[in-house]
Amino acid sequence: MISKKFRFHGYGSLKYLFQNGEGARSKFFGLRYVENLHRGHPRLTVIVSKKIAKSAVKRNRMRRKVYEILRQHFNFEIPYDIAVTVFSDEVLIASRQELEEQLKKLISELK
């Protein structure tokens, strides 16, 4: 799990992100991002809808997989607010390498 200072708190920031942010999409994920000049660090969230998986256990497992990849492989010095939306339940059965490639491709569009 990522540190608390890198997570979103409240809905106002997410609302701003979805209204004003830019987007990118891959096979498994959607990415919304907006530059955050008011903070010295980025904030991240992972969104998994009930439409993707009805079970909270499955949704949380998907969320934890994505958070762990983000925590281990990405530099947290970029000043962006980022929301990763999971669009496929195949995230549960996909290999870690495939998920990493998809996320790297999306994150590379930020820079």
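This is a predicted model: local features need pLDDT of at least 70, side-chain atom pairs count only at pLDDT 80 or more; totals for chains, interfaces and linings use all residues.
**Entry 1: a strand partner**

I began with glutamate 35, which stands opposite tyrosine 80 in strand β4. Next I looked at how β2 and β4 are joined, and I found seven bridges between them, with the two strands running antiparallel.

**Entry 2: the other neighbour of β2**

I then turned to β1, which covers residues 22-25 and pairs with β2 over four bridges, also in the antiparallel sense. Here I noted alanine 24, which stands opposite leucine 31 of β2.

Five of its seven residues are buried, so I wrote β2 down as largely enclosed by the rest of the structure.

**Entry 3: helix α2**

My next stop was helix α2, residues 56-73. I checked its length against expectation: at 1.5 Å a residue, its 18 residues should span 26 Å, and the end C-alpha atoms are 26 Å apart, which agrees.

Which residues of α2 are buried? I listed Arg59, Met62, Val66, Tyr67, Ile69 and Leu70. They cover an arc of only 160 degrees around the axis, so they sit on the same side of α2. I reminded myself of the general rule: an α-helix has 3.6 residues a turn, so residues three or four places apart point the same way.

**Entry 4: salt bridges**

I looked up the salt bridges and found that the structure holds four. I made notes on some of them.

I took lysine 27 and glutamate 98 to start with; their closest N and O atoms are 3.8 Å apart. Lysine 27 lies in the loop between β1 and β2 while glutamate 98 is in helix α3, so this pair ties together parts that are 71 residues apart in sequence. Is lysine 27 buried or exposed? I have lysine 27 as exposed, at 52% relative accessibility; the cut-off for that is over 50%. Glutamate 98 is partly exposed, with a relative accessible area of 27%.

Then I went to arginine 43 and aspartate 81, whose side chains meet in a salt bridge at 3.0 Å, N to O. Arginine 43 is in strand β3 and aspartate 81 in strand β4, 38 residues apart, and the pair links distant parts of the chain. I checked burial for both partners: arginine 43 counts as buried at 6% relative accessibility, and aspartate 81 counts as buried at 5%.

**Entry 5: glutamate 100**

I finished in helix α3, where glutamate 100 has its place. Glutamate 100 forms a salt bridge with arginine 96, with the closest N and O atoms 3.1 Å apart. The two are four residues apart in α3, so about one helical turn separates them. I noted that glutamate 100 is buried, with a relative accessible area of 14%, whereas arginine 96 counts as partly exposed at 36%.

What does glutamate 100 touch, not counting residues up to four places away in sequence? I found Ile69 and His73. Ile69 was already in my notes as one of the buried residues of α2.

Key. Residues are numbered from 1 along each chain as its sequence is written. Side-chain values use heavy atoms; hydrogens and water are left out. The expected span of a helix is 1.5 Å times one less than its number of residues. Buried means under 20% relative accessible area, exposed over 50%, partly exposed in between (1.4 Å probe, protein chains only). The arc is that of the directions from the helix axis to the C-beta atoms. Two strands pair if DSSP finds at least two bridges between them. Contact means heavy atoms within 4.5 Å.
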